[in-house]
Amino acid sequence: MLDTLPSEAEIWDWLSEVEDPEIPVISVVDLGIVREVRWEGETLVVAVTPTYSGCPAVAVINFAIESHLREKGVESIRLERRLSPPWTTQWLSDEGREKLRNYGIAPPIEGTGTPDQRAQRVARLEGRSSLDVACPRCGSLHTERVSQFGSTPCKAAWRCRDCLEPFDYFKCI
Amino acid sequence: MPSLPDMNATNVEELALRAAEQQHHDPHVQNVDLKPAFFDWLCRMGDNALIAGHRLSEWCGKGPALEEDIALANTALDLIGHAQMWLGLAAEVEDESRDADKLAYLRDAMRFRNVQLLELPRGDIGETLMRQFLFDAWHHAMLSRLTDSSSPRVAEIAAKALKEVHYHLERSSDLVIRLGDGSEESHRRMDAALALYWPYTGELFESDGVDKAVIAEGIAPDPEDLRATWDETVGEVLREATLEVPEAKGHVHTGGRSGRHTEHLGFLLAEMQFLQRAYPGASW
């Protein structure tokens, strides 16, 4: 039980301690899925947006947010699902991108979500990459995409042709 | 070579932001006169996603390669996520204490509103990919138009789903080309798959009173208006896949959108709905 309602800034600090269940090195704030925090009277409203429509982590994330805030003493919490504007990898914080790289996941390269699809397809079908994704282990740009779909909806499977390690690439959306 | 116009939606972000600005109030959701048509139309969108997603999920653990298995399951997950959003809104519009789960698990076949194309058995991987490609090309065109819907709720779901469907269409196009323009055997199978599904594609562009009501409100486009984009995408990919585009005119299998289904849907639902039918209200 808290004597006074904590400030929104304080709530954001607490939320930055809540880990993403799939990628435990980044927080839900780094991931950019917490869209708003506000008080409605004594009730704290937290608006969360899903990364992908069917992402099975959503329920776990909501549970983690709620239980962490309760531990901090917030008694009345309402989680709001916000669909719009839809989540984009541009909302990943700079800090989050570095944490991803250190964890072995190549962070998204912005601007690659929708440019010349035609050129990209030709490159894909010829086995070339139209993206310069650096291997998060050795830094080499000599990498190739194995599959656009990876271990979670937000990642693609890549491989380094120098150190030969497979790695995840956080794809743009 | 020409570009694919419907895959070049570079203004997705802008469309999404515009949808966001209008999000808070949606007069269509409480419009009593519109309710029956709006509900049916939302079920059509939701059921297309649900049934397509279920068919893809049948490949989970059985894909021809690990990467394909993962890609099929991911696509299935996205589509089931879309179904949750569409059916969730349908339940809200209906206002009869049902939710997305009740609509998905407790309706009988004749209450489902998906096109027949999507309920046909998954077949071999070539058939699955061809069917998915024909649907993805339509789905992408439809969602692109819906981001401009007069219903902010519809527009926000479309904007969210479109980003994912962009990747679906990219993948299924690549694979139809790879298999069509592949070995003699893969070409033969893709050609047969195209002949099998083609007569079912016409239903995607049909319209009836339900469509007319939502078109009049500016909620959805006339399905016929999607055809030019679809023809262009499908024509270009099939040509690159060295597959012959079938005759535009011909017999059309239809009826799913108003509840007349093939015998395959019942078997699909028997599996998908089993748990909720046997143990009503069961939850994790």
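Thr242(B) counts as partly exposed, because it has 13 C-beta neighbours inside 10 Å, and a residue is called exposed at 12 or fewer and buried at 20 or more. The model is a predicted one. Thr242(B) sits in the loop between helix H9 (227-240) and helix H10 (263-272) of chain B. Its backbone has a positive phi of about 55°, although Thr242(B) is not a glycine. Most residues other than glycine have a negative phi.

Asp95(B) is another non-glycine residue with a positive phi, here about 60°. Asp95(B) lies in the loop between helix H3 (66-94) and helix H4 (100-105) of chain B. With 12 C-beta neighbours inside 10 Å, Asp95(B) counts as exposed, because the limit for that class is 12 or fewer.

What does chain B contain overall, helices or strands? Chain B has eleven helices and zero strands, so the pattern read along its sequence is α-α-α-α-α-α-α-α-α-α-α. The C-alpha atoms of chain B fill a box of roughly 55 × 45 × 35 Å, taken along the principal axes. For 284 residues, a compact globule would have a radius of gyration near 19 Å, and the 18 Å of chain B agrees with this. Of the 284 residues in chain B, 49% are buried. Contacts in chain B also reach across the sequence: among those between residues at least 6 apart, 77% join residues at least 24 apart.

Which residues of H7(B) are buried? They are Arg189(B), Met190(B), Ala193(B), Leu194(B), Tyr197(B), Trp198(B), Tyr200(B) and Thr201(B). These buried residues pack against two helices of chain B, helix H5 (125-146) and helix H6 (152-180).

UniProt, in an unreviewed entry, places the feature "domain: MIP18 family-like" at residues 8-70 of chain A. That span is 35% helix and 21% strand, and its end C-alpha atoms lie 15 Å apart.

Further along chain A is a cis peptide bond, from Ser84(A) to Pro85(A), with omega near -5°. Most peptide bonds are trans. Pro85(A) lies in the loop between strand E3 (77-81) and helix H3 (94-103) of chain A.

Chain A also has an open sheet of four strands, in the order E4-E7-E6-E5 and with mixed pairing. Why do two of its strands each have a side without a neighbour in the sheet? Strand E4 (105-106) and strand E5 (143-147) of chain A stand at the edges and have a single partner strand each, so one side of each is left without a neighbour in the sheet. Strands of a sheet pair through backbone hydrogen bonds, either parallel or antiparallel. E5(A) pairs with strand E6 (residues 155-160) of chain A in the antiparallel sense, over four bridges. Within this part of the sheet, Glu144(A) has Arg159(A) of E6(A) as its bridge partner.

How values were computed: Residues numbered from 1 in each chain as written. Chains lettered and ligands numbered in written order. Predicted model: local features only at pLDDT ≥ 70, side-chain atom pairs only at ≥ 80, totals over all residues. Rg over C-alpha atoms; globule rule 2.2 N^0.38 Å. Contact = placed C-beta atoms within 7 Å. UniProt positions renumbered as here; feature names shortened; annotations may be inferred. Pairing = 2+ DSSP bridges.
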